[in-house]
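Hi everyone, thanks for coming. I'd like to walk you through one model today, so please have a look at the screen.

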Amino acid sequence: MQLGQGNGSSGLTLDSAPLPKSKDTLPHAPSLPELVFPPEHALSRLRNLWQGGKAEPTVRLSLTCGEEALPLSSEHLEEEVQALQEAVTQSAGARWEYLWAQLTHGVRPDVDEQVLVCLSQDEMVAWMLLFPPVGEGKRQNMLQLLQSLAACGVSSGVNLSRVKEISAREERYFQLYPVAWGTLPVPGEDGYVIERHPSAQKRCAPIRELGKEDYVSLNLVQDIEKGDIICEIVPPTRGTAGNTVTGTRLPAQEGTAAEVPQGRNTELTEDGRYLVAAQFGHVEFTGRNFQVKPILEVFQSLEHPEDSVNFLGDVHIHGDVCCGVTVRAMGNIQVDGVIEACTIEAGENLVVSSGVQGQDCAVIRAHKSIYAKYLEHCQVYARESVLADCIIDCNVYSDGKVSVRTGRGAVVGGNIRAASEVSATTVGSKAERLTSIGLGGAPCEDFERLQIQREYEVSCKELEREEKKPETPERKNQISKMRLNLYVTKMKLDKCNKEAKIPMPPQPGEDRRWLICDTAYPGTVVTIDRSVFRVETIRQNCRIGLIGTRVGYV
């Protein structure tokens, strides 16, 4: 516009108050994207001059125009506001001082339209602020506005439609227009693993009709063929680079490759996309990687002692295990039939789909958990937990809990020792059969250590007796073997003593050593620490645990 035209300049008054020279005199930048200039500021005086004294006394400039989202960091927003306010103050101050000097000397100034281009500190946004022409000054067209941007180094991300719109507007002054903005880099996506075999094995059997537990469906032995896919390895993606309004390239962070869970007897395909089994066996997740263990499948019952099995992997027996047979495996053991008076030891889990008829001679042991349809007249040892439909006249040692909640859910006779909890539908019998429940400590670990201690003591006495006999070449060889066995037993005992867990006494209110049952019959004896409690009458829905230092109904 021209001075004295359009808005009428006859009523114009000029304030000769001093201009702010330093950022210390500027108002504090608000947290919102807005610049505020008080009435005495040079920008406010220029707008007042342009509008013939009819303008609002305070000028407010928004950092945005429309609904576009600018790549401005909220953390640095206040710094950007301060920097913009300083740039506008400097440019408006210089223009006002020139006009004020001309007008005070009675000179009618002719000044062209002025374009102020401001860049954010990270050069991601460029703003444009236009000062109107004065007198016979000229307006700038779209090409000249673009040239002003180029002169300030803006070469990328220019919004041409915005610049065209600004060049065509009459009321385009004293507004802050974002006219160019850069592109933030987009980081690549990290690689990840898609499991085709679950890393967490199923440990709870589904409940079938009549409350019976389907132990076959536990399927802890997951068969896999050579070449079968265990998991898919999705590779990371490359990021998309960004750029500033001055054309500076902003590199993008690439995604991180997924950690391949490759363990024993597994291999990657040539393209690295799939982890497959290198042999037939049982796939298992160890907590860090997948591995394929060899699996021995026996499709018949083991009926004679010479049918005994020792295997470094998993064993799946599709029949019974009869008297006198010994089965030992480093992995899981699954028996589809019945276990009789024999010895079973699993390095991991033991699943007996039918049950155990131990005849007071069977010893079954698992370094993890034992799942059985029923347990009768046997010795049971589990480092984690024991789950069964019923337990009758057994000695059970578990370093976790014992749960007898499916099927009959009965515990009758014998001794049950659990570190934490024994839960059953019925404990004892109407005939008041003595049923002993012990809670606390590490029963399985303690019993194993006691067995090794006894074995060591017996070996020492046998060696001492042999050494007193007359020496012969045969006896000398026998003594050497006995010393070697004694040395191995001593190593086992030292290892057990070293790894022995010292149970911390539970805090008040955190003791979970309980016998939980729907029905408790007389003859049930519960021992916790050194306190003993006897059930004298039939009790329903009861929980027996420590109350202070004594055992009672909780």
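**A walk through the model**

Of the 554 residues of this protein, 45% count as buried, where buried means under 20% relative accessible area, exposed over 50% and partly exposed in between, with a 1.4 Å probe and protein chains only. Please keep in mind that this is a predicted model: local features need pLDDT of at least 70, side-chain atom pairs count only at pLDDT 80 or more, and totals for chains, interfaces and linings use all residues. Residues are numbered from 1 along each chain as its sequence is written, and side-chain values use heavy atoms, with hydrogens and water left out.

The secondary structure comes to 6 helices and 38 strands; helices (H or I, at least four residues) and strands (E, at least two) are DSSP runs, numbered from the N terminus.

Let's start with two helices. The axes of α3 (residues 142–151) and α4 (residues 160–168) come within 9 Å and cross at roughly 125 degrees. Axes here are lines fitted to C-alpha atoms, for helices over the stretch in contact, and angles run from 0 to 180 degrees between N-to-C directions. The two helices, α3 and α4, are therefore oblique to each other; angles under 35 degrees count as roughly parallel, over 145 as roughly antiparallel, 65 to 115 as roughly perpendicular and the rest as oblique. On the α3 side, the contact (heavy atoms within 4.5 Å) is made by Met-142, Leu-145, Leu-146 and Leu-149, and on the α4 side by Leu-160, Val-163, Lys-164, Ile-166 and Ser-167.

Now to the strands. An open sheet of 4 strands runs in the order β6-β8-β12-β11, with antiparallel pairing; two strands pair if DSSP finds at least two bridges between them. At the edges sit β6 (192–195) and β11, each pairing on one side only. Inside this sheet, 3 bridges join β8 (residues 229–234) to β12 (residues 274–277), and Ile-229 has Val-276 as its bridge partner in β12.

What does Thr-266 touch, leaving aside its neighbours within four places in sequence? This residue, found in strand β11 (residues 266–268), is buried, with a relative accessible area of 8%. Its contacts include Ile-230, Val-276, Phe-290 and Val-292.

That brings us to β14 (residues 290–293). Phe-290 and Val-292 point one way from β14, Gln-291 and Lys-293 the other way, and all are buried. Antiparallel to β14 runs β13 (residues 281–285), joined to β14 by 4 bridges. In their hairpin, with 4 residues between the strands, Gly-287 takes a positive phi near 110 degrees.
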